[in-house]
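Thanks for coming. I will go through one structure, from the whole chain down to a single residue.

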Amino acid sequence: MAEQIPLYPVRSAAAAASCKRAAYFSAAGPGPGAERSSRYQLEDESAHLDEMPLMMSEEGFENDESDYHKLPRARILRRKRGLEWFVCGGWKFLCTSCCDWLINICQRKKELKARTVWLGYPEKCEEKHPRNSIKNQKYNVFTFIPGVLYEQFKFFLNLYFLVVSCSQFAPALKIGYLYTYWAPLGFVLAVTIMREAIDEFRRFQRDKEVNSQLYSKLTVRGKVQVKSSDIQVGDLIIVEKNQRIPSDMVFLRTSEKAGSCFIRTDQLDGETDWKLKVAVSCTQRLPALGDLFSINAYVYAQKPQLDIHSFEGTFTREDSDPPIHESLSIENTLWASTVVASGTIIGVVIYTGKETRSVMNTSNPKSKVGLLDLELNQLTKALFLALVALSVVMVTLQGFSGPWYRSLFRFLLLFSYIIPISLRVNLDMGKAAYGWMIMKDENIPGTVVRTSTIPEELGRLVYLLTDKTGTLTRNEMVFKRLHLGTVSYGTDTMDEIQNQLMNSYSQTQSQTSGNNASSTPPRKAQSSAPKVRKSVSSRVHEAVKAVALCHNVTPVYEARGAVGETEFAEADQDFSDDNRTYQASSPDEVALVQWTESVGLTLVNRDLTSMQLRTPSGQILTYCILQTFPFTSESKRMGVIVRDESTAEITFYMKGADVAMSTVVQYNDWLEEECGNMAREGLRTLVVAKRALTDEQYQDFENRYNQAKLSIHDRTLKVAAVVESLEREMELLCLTGVEDQLQTDVRPTLEMLRNAGLKIWMLTGDKLETATCIAKSSHLVSRTQDTHVFRPVTSRGEAHLELNAFRRKHDCALVISGDSLEVCLKYYEHEFVELACQCPAVVCCRCTPTQKAHIVRLLQQHTGRRTCAIGDGGNDVSMIQAADCGIGIEGKEGRQASLAADFSVSQFKHIGRLLVVHGRSSYKRSAALSQFVMHRGLIISTMQAVFSSVFYFASVPLYQGFLMVGYATVYTMFPVFSLVLDQDVKPEMAMLYPELYKDLTKGRSLSCKTFLVWVLISIYQGGILMFGALVLFESEFVHVVAISFTALVLTELLMVALTVRTWHWLMAVAELLSLGCYVASLAFLNQYFDVPFIMTVTFVWKVSAITVVSCLPLYVLKYLKRKLSPPSYSKLSS
């Protein structure tokens, strides 16, 4: 791969330096250093990678030449200069730069630094640290009104209404009554301010509740109660079982005898499994709590950072001789927002407030604005330009006589109905109606609309970003398959394993009944001579025992009655099988141990140093845990070294992913094939192996391992190298398959969304293998599709090569880890996103909450398409808030995601109907409604223009006072608003043909084309109505007003009927009600109309004639269009 890509020669100085380094590492001999030399070379060479863009075509890849095709990025970087640049958005760039500079000056961010924290002495802190308070509010008392008003008036539509309304205070410009302008604007503002105030008050109450939680703080004088917001760095805080951890702490002591405790991290990383944390051994050994103040100790902690999976620090006790130094890692930390699941713990606070991992991984919520609102804002600007042009034309034709600027302003106000003030009112009421319909839908019970301003966004989505654990899966694991190479056991043959295990243990027990510990059972000879072909029974026995021993699971027993001191409480615990629950850092670990229990080998007890198993016959086997090697994303395996107390045998057990284990186990011909078979069934596979160790081998290993653990430089590399010395020629025992239960109807829902044209990305904090497995089993990646697993990259050169390798793949799903993603985005952001967007599906594993939000923002910036994020845990909140539309699922991981989301659902399968039915209809209805309201304003402005032209360009209003108010409200509002009930196809049909959703992403329901069609209709109808009334002129001007206004109202009612696609009984009621209101009000409008004339036959036929001429051609055109070029939905409905 690397040979095919010519890397440019490096500068001589850099080359010389890299040669020296390479010479040094080669002299040092093979090992980790040798790997590092190549990495150094790559990083040096990356200096020139700027000149070497990635290729766009395969041909360039095949040719061993440097004729790379330039990427679009090169075109982007060729910026416009001078005046052209300033006009094309440069002014906006300058303004935002200045604002950012001012904000930075006002809010200088303090540089984060590493710190030394003395136990129990916050006053010894050299620096000032942030308060430990949580703040989710957008505004405070002073910024609320200005903030809300700014959010409203930053839209051109609202700002325009404000200017027009204010102009009516000037007598020379006054055209109508003040209430005709101020009432609609006041209504919109009042509703908005009320809604924001309620939301803000709820946020304030939630924050207050969390900040005022009480905790016990340990001081020299004993325990004192302290509020969460008053906790400082250096405080010793006591946290009880089921209490939230208030700040980031180092774990010092626990009431549990084992010196460890479990915490629940679902609100931090989205994983529902409990994590085991270990107390600092120096402080755990102290006889009493108060002794924490009698020692002179401090914790050195690295600077606050985003990564929730790593921590480096040291614990130092100075008053002992020699001073005690302990290295601190992630297992000694307790992050804020996690919950203590067992025992009572004491920790020293190291980070507070904004510096805690949980706060650093959450982003500030933004005010979301729908794409439809932005499009309407643009159309409003176009209408405003038309309004100005029309007014200038009128003044020009007037000949600029007299105070022309006053006439210009009066014309601007006369034609101001071009931009209807009722547009915002209608749209906001429509959005509220859609929200009500969604919540009342019986097919998606429990759905809540939390952001009522963006229901149309559900109909415009292109990218769907979903979490895995708890969203696509239930996080419930079931053991499905055990494969021994020659024989495979499934769920229906588990009883065979049970029988063989029972026989095996009963034989062993009868052989060792006379001499419990002294004699060695015959199976020892068997295990030390692998050449002898073992019986199936002994292989099953070895495999089950390995699965029962190689894990990090702890059995937990609930205490009966009141719990006092833990030592006494333990005697009162119920050790029966019914009272036992298993806890582990991964649910598949628990599934494996539950399976061994079901076949007869039960884990009954475990602490940091020993483990007890109960055989089918009830005998207790005790094993001493000598070493544990936890699972890491790099090693992809975990191991344990145990000593059997009865035989003194030392065995090294290991299990892990097939990619990691295939190189470690002895040669075999079945492992790879069977792993592939299980993966195709959607099972998560683990390979289990063992190696017997002599006492001398173990002693030698232990010395080297302890030495590596104490090293300061490259500790991880050295420890890994020592462990690798054991991982050779291991005996392969078995292959296990575990299934993660999917949520109900995940497969058909994902299938429907894919058919609807959505591209689905899965962003998860879980392991790569697990994520790939679920992507296949949920059919996120179809069975026929290839998957490209992006290799781990750490430098620019590696990222470059890997991206080129990925570019050659066609139509395959991408699987990438968070670390590699970070490197790619650092150097090749544009190229990576461009490639990833071409994939049918993308899976990002080991993602931090911040990375999830970053991916959402990248898609928004690079594609300009609408994104939707779906999650169920606290770790998904950032992603949900960053997306154009956030959906939260109320699941096992609490309600944090659903509270932060714009829409919350109870099950993943409800998302299909939410998008395909409600999203689609909300968008189509709002598009029709907004264009109709604009048409209503345009038609009356056209009539005003014709009227002014005929009467010597006089700036006199055609309709005055109540006629204008009535036209915009009681006479036409109900029928126009009834468009929110319109639907082109039935919900069942929309679910059956999700392809209908694809059309919406193109935005054809509200585009420049449809807008121009409505403008032309308005001009035609306005002209016909006015000229018709003038042609049928009856000596007095009052008759023109009566004829034209009546014809106008009738035309509007008929146009609503023309636009409707499916009639609802409420629509018919609205039409008749509006017509009835108009007829009834004629009796009271004698100041505008000549009532006796209205009663004549002449009036009726003239109005009817004008109305028919204005509407009939449009009905004919609509009929012809439906016949000749029917839309896709009409083919289905017919």
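Accessible areas here come from the Shrake-Rupley method with a 1.4 Å probe, and for residues only the protein chains shown count as cover. On that basis the protein chain exposes about 52400 Å², with 57% of it supplied by carbon and sulfur atoms.

Some notes on the source. This is a predicted model, where local features need pLDDT of at least 70 and side-chain atom pairs count only at pLDDT 80 or more, while totals for chains, interfaces and linings use all residues. Residues are numbered from 1 along each chain as its sequence is written, and side-chain values use heavy atoms, with hydrogens and water left out.

Now the chain as a whole. It has 41 helices and 33 strands; these are DSSP runs, H or I of at least four residues for helices and E of at least two for strands, numbered from the N terminus. Of its 1134 residues, 51% are buried, meaning under 20% relative accessible area, against over 50% for exposed and in between for partly exposed. A contact means heavy atoms within 4.5 Å. Among contacts with a separation of 6 or more, 73% join residues 24 or more positions apart.

Next, helix α13, residues 404-414. Which of its residues are buried? They are Ser407, Arg410, Phe411, Leu413 and Leu414. Seen down the axis of α13, they fall within an arc of 160 degrees, so they line one face of the helix; the arc is that of the directions from the helix axis to the C-beta atoms. Their cover includes α7 (156-167), α8 (179-211), α12 (371-398) and α31 (910-950).

Last, Glu731, in strand β26 (residues 731-742). Glu731 is buried, at 17% relative accessible area. Leaving out residues up to four places away in sequence, Glu731 touches Lys534, Gln666, Val688, Ala689 and Lys690.

Technical notes: Buried means under 20% relative accessible area, exposed over 50%, partly exposed in between (1.4 Å probe, protein chains only).
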